[in-house]
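I opened my notebook to look through this structure piece by piece. Here are my entries, in the order I made them.

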Amino acid sequence: MRSLLLLLPAALLMTAQTPPSTGPTHKKSIPERKAAAVPVAKNFKLSGSPSAPITVEVYTDYECPSCRTLYMDVLPPLEAQYVATGKVQLLHRDFPLSQHQFSRIATKYANAAGQIGRYELVANQLFKTQADWSQNGNVDGTVAKVLPPGEMQKVRDLVKNDTHLDDTVTADLAMGARDNLNQTPTMVIVNKGKRQKIDGAVPFNILKSYLDQMLAKG
Amino acid sequence: MLPANPKVQRMLLLLGRLLLAGIFLAAGYLKLREPWLQFAVSLNSLKILPDNLLEPVSRILPWCEVALGIWILSGIWLRWSAALASLMLAVFFSVLVRSYAMGLQVDCGCFGSGEPLGPKTLARDALMLALAFCVTIAAFRMRAVRTARPPADDSHPSSLPSGTEQSRPA
């Protein structure tokens with residue numbers, strides 16, 4: 001009887017994942033897709049070499065405090081050590097949550113700024129001053145502080161008139177649904193066609209260790 | 001505390017043992033199915049471990065849970081395996097209560113990711129802790145009853161409650 005009972009967990013374990021990068025993580029919940037097949041929202045949200053072995057997709061909401069932590073503390077060293085060196089390709093994805101009142105409009109401003117080549121600057125400003133505009137809703141004034149008047153006017157025009165500005169957000173939300181996203185921030189690490197979803201703000205030193213192991217495995 | 005009927009005692013202890021083993025096996029298995037990075041993020045959000053311990057703990061703890069589940073399932077030295085389970089669950093529960101009291105919006109991380117910490121998860125963990133305590137106490141009491149029996153009774157090991165150490169060293 002005892003040996004029969006012991007066989008059950010052994011059989012279960014045989015199907016469990018052992019190596020972190022090759023196992024069937026989220027196999028049931030996330031259909032495996034080739035990295036190349038991942039739809040790219042807009043080029044301004046993608047950085048790094050297309051031949052990088054790993055793609056890190058980051059789903060954020062401009063009004064979420066943990067996303068701010070990720071954006072301010074984790075992404076800069078990730079970009080410097082992995083994206084700039086061609087090891088990782090980084091893709092920003094928008095995932096505005098319904099409970100955040102000003103998140104949608106902030107996303108519009110960031111994407112409009114992206115259309116005129118100012119995505120990084122505006123996204124950085126929005127995360128940096130999140131505590132202010134998430135209280136008073138003054139997204140326009142916040143963005144205006146970092147853009148010259150001419151560019152700011154272009155952004156305003158795009159926000160007001162570009163009916164396709166939300167297309168990328170819609171695509172990101174659909175992709176998030178396919179990734180079974182239930183919170184922000186969430187990282188999806190794509191390696192060898194496998195998508196591994198990591199919920200929550202990942203500390204950089206732990207992410208670094210994980211990426212190094214993935215890269216070492218080739 | 002224990003029912004008078006030895007058969008009922010045996011059945012209850014076996015049931016508790018299987019349930020407790022199942023909990024630990026499921027907790028370990030579901031964590032192992034995910035990348036260790038996910039569990040490290042859950043541990044980090046609880047703010048209980050220094051950064052340098054996040055990786056080793058997130059790699060080792062799920063295997064420890066599986067090992068403990070198998071140990072409990074085997075019934076070998078049940079009182080000690082159940083006591084260890086109680087201790088582990090007491091530590092987990094304290095950490096979760098602390099995080100909840102601090103108002104941290106975190107993932108429980110008990111059975112893999114995607115389970116926010118809240119009253120429901122705390123109540124479930126409290127029940128698991130109570131179960132572990134009950135199994136531990138029952139295993140110790142049955143062991144005490146067995147050792148207190150007259151020598152003649154020891155010649156009938158088949159009458160011993162399942163889950164106690166029939167032929168194992170004390």
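I began with the secondary structure of chain A and counted nine helices and five strands. Read from the N terminus, the elements of chain A go α-β-β-α-β-α-α-α-α-α-α-β-β-α.

A note on sources: this is a predicted model, where local features need pLDDT of at least 70 and side-chain atom pairs count only at pLDDT 80 or more, while totals for chains, interfaces and linings use all residues. Residues are numbered from 1 along each chain as its sequence is written, chains are lettered from A and ligands numbered from 1 in the order in which they are written, and side-chain values use heavy atoms, with hydrogens and water left out.

Next I looked up burial. Of the 218 residues in chain A, 49% are buried (under 20% relative accessible area; exposed is over 50%, partly exposed in between, with a 1.4 Å probe and protein chains only).

Then I turned to a helix pair between the chains. Helix α9 (residues 204–216) of chain A and helix α3 (residues 51–74) of chain B have axes that come within 9 Å and cross at roughly 50 degrees. That angle makes α9(A) oblique to α3(B) (under 35 degrees is roughly parallel, over 145 roughly antiparallel, 65 to 115 roughly perpendicular, and the rest oblique). Which residues make the contact? From α9(A) they are A:N205, A:I206, A:S209 and A:Q213, and from α3(B) they are B:D51, B:L54, B:E55 and B:R59 (contact means heavy atoms within 4.5 Å). I sorted the residues of this contact into two nonpolar, three polar and three charged (Asp, Glu, Lys and Arg are charged; Ala, Val, Leu, Ile, Met, Phe, Trp, Tyr, Cys and Pro nonpolar; the others, Gly among them, polar).

A:Y210 and B:W36 have ring centres 5.5 Å apart and planes at 70 degrees, so I logged the pair as edge-to-face. A:Y210 sits in helix α9 of chain A and B:W36 in helix α2 (residues 36–46) of chain B, so this pair joins two chains. Both A:Y210 and B:W36 are buried.

I also noted that A:Y62, A:Y71 and A:F127 form one aromatic cluster.

Notes. Axes fitted to C-alpha atoms, helices over the stretch in contact; angles between N-to-C directions. Helix = DSSP H or I, 4+ residues; strand = E, 2+ residues; numbered from the N terminus. Phe/Tyr/Trp six-rings, centres within 6.5 Å; stacked < 30°, edge-to-face > 60°.
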